[in-house]
Amino acid sequence: MARCRRHSSGRKGLCLQVILANPRGFCAGVVRAIEIVERAIDRYGAPVYVRHEIVHNRHVVDTLRAKGAVFVEELSDVPDGAMTVFSAHGVARTVEEEARARGLPVFDATCPLVTKVHLQGRRYAKAGRTLVMIGHEGHAEVVGTRGQVDAPVLLVSTEADVAALDLPDDAPVAYITQTTLSVDDTKGVIAALARRFVNLVGPDVSEICYATQNRQSAVRDLCKVADLLLVVGSENSSNSSRLRDLGADEGLPSYLVADGNAIDPAWFEGILRVGLTAGASAPDELVDSVIDALRKLGPVEVTQLDGVEESLEFGLPRELRGAPAKAASTKFATIGA
């Protein structure tokens, strides 16, 4: 823990307490996705083409780009035969089929928890149920999930959306959820579905993404002891934006910042305790850059809340296990190995 020493600059010698949420930052799915890109570059050489941002964080994307990753939105932008990676958010089956048809060597970095949602959706649709997904229109994960199910997937974000569904109340319905939404985010919509549909099934709440729930719970704890909340993450990161919104819901001035360069000294007038967290796609070094920026305003003391210790790890594709080593050939057989 860094102890404060008073000096005359910045905040007139006041000591700013920075309280870190626990857990914060990278989840297991993000760690796996980034490592897949890095190891593919190390083993097969640059460039490696990544369809969509590997995770929603500009710093991560720029760092991988500097190492040899090329980010594209459409598979048509990938040259024939080029090593390709699908992002952590998942892709539609049509994208997988296009890659197969072109013979592209592909590593699938889809988060295993997202893949689990795909499997749930297919199972419910195969059973003849109308499938409802709780999520945000246009989010990459929602687009990919809807494209993984061979049946219509109705999207709802609010309880009002549930009321507006053009379905009979006795229709057999199943729901799935976007993984960047927590139990708390979805419980109202799930309750609305249960009130309306008498024949409803869906995953147990324990199956909803652990990382999203843990980070939101940690922010709620943080808000009990902080005067202001800083969330490190990108604007297009759904889970990071939600953490910022939680702080605002608790009545705290709450800001989403990309890194320490986004800090505005005016935010901290009269503030003694700053809560600091990071979205699931934001690396620790960006949290450190925020702390460094705060130290330029005056003395800072850093502490960390107690919280859930996350130990989950997801395995890598077999071709990328072991020590990184470049190979002469980029050919291997299967998508998502």
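Visitor: Is His52 buried or exposed?
Guide: In this predicted model, His52 counts as buried, because its relative accessibility is 17% and the cut-off for buried is under 20%.

Visitor: Where is His52 found?
Guide: His52 is in the loop between β2 and α2 (58-67). Its phi is near 75°, a positive value in a residue other than glycine. Most residues other than glycine have a negative phi.

Visitor: What about the peptide bonds: is the one from Asn22 to Pro23 cis or trans?
Guide: The bond from Asn22 to Pro23 is cis, and its omega is near 5°. Pro23 sits in the loop between β1 (16-20) and α1. The bond from Ala46 to Pro47 is also cis, with omega near 0°, and Pro47 belongs to the loop between α1 and β2.

Visitor: Turning to the strands, what is the order in the open sheet of four strands?
Guide: The order is β3-β2-β4-β5, and the pairing is parallel. At the edges are β3 (69-72) and β5 (106-108), each of which pairs on one side only. On average, neighbouring strands of this sheet are turned by 25° against each other, direction ignored.

Visitor: How many bridges join β2 to β3?
Guide: Four bridges join β3 to β2, which spans residues 48-51. In one of the pairs, Tyr49 has Val70 in β3 as its bridge partner.

Visitor: Which strands does helix α1 lie across?
Guide: Helix α1 (residues 28-44) lies across β2, β3, β4 (84-86) and β5, and runs at about 160° to β5.

Visitor: A new topic: how many salt bridges does a search of the whole structure find?
Guide: The search finds 20 salt bridges. One of them joins the side chains of Arg65 and Asp62, at 2.8 Å from N to O. These two residues are separated by about one helical turn, because they are three residues apart in helix α2.

Visitor: Which residues are linked with Arg65 and Asp62 in a network of salt bridges?
Guide: Glu53 and Arg58 are linked with them in that network. Arg65 counts as partly exposed, at 39% relative accessibility, and Asp62 also counts as partly exposed, at 36%.

Visitor: What does the salt bridge between Arg196 and Asp169 tie together?
Guide: The closest N and O atoms of Arg196 and Asp169 are 2.9 Å apart. Arg196 lies in helix α7 (residues 183-196) and Asp169 in the loop between α6 (159-163) and β8 (172-177), so the pair ties together parts that are 27 residues apart in sequence. Arg196 is buried, at 17% relative accessible area, whereas Asp169 counts as partly exposed, at 43% relative accessibility.

Technical notes
Residues numbered from 1 in each chain as written. Predicted model: local features only at pLDDT ≥ 70, side-chain atom pairs only at ≥ 80, totals over all residues. Heavy atoms only, no water. Pairing = 2+ DSSP bridges. Axes fitted to C-alpha atoms, helices over the stretch in contact; angles between N-to-C directions. Contact = heavy atoms within 4.5 Å. Buried < 20%, exposed > 50% of the residue type's maximum accessible area, 1.4 Å probe, protein only. Salt bridge = Lys/Arg side-chain N within 4 Å of Asp/Glu carboxyl O.
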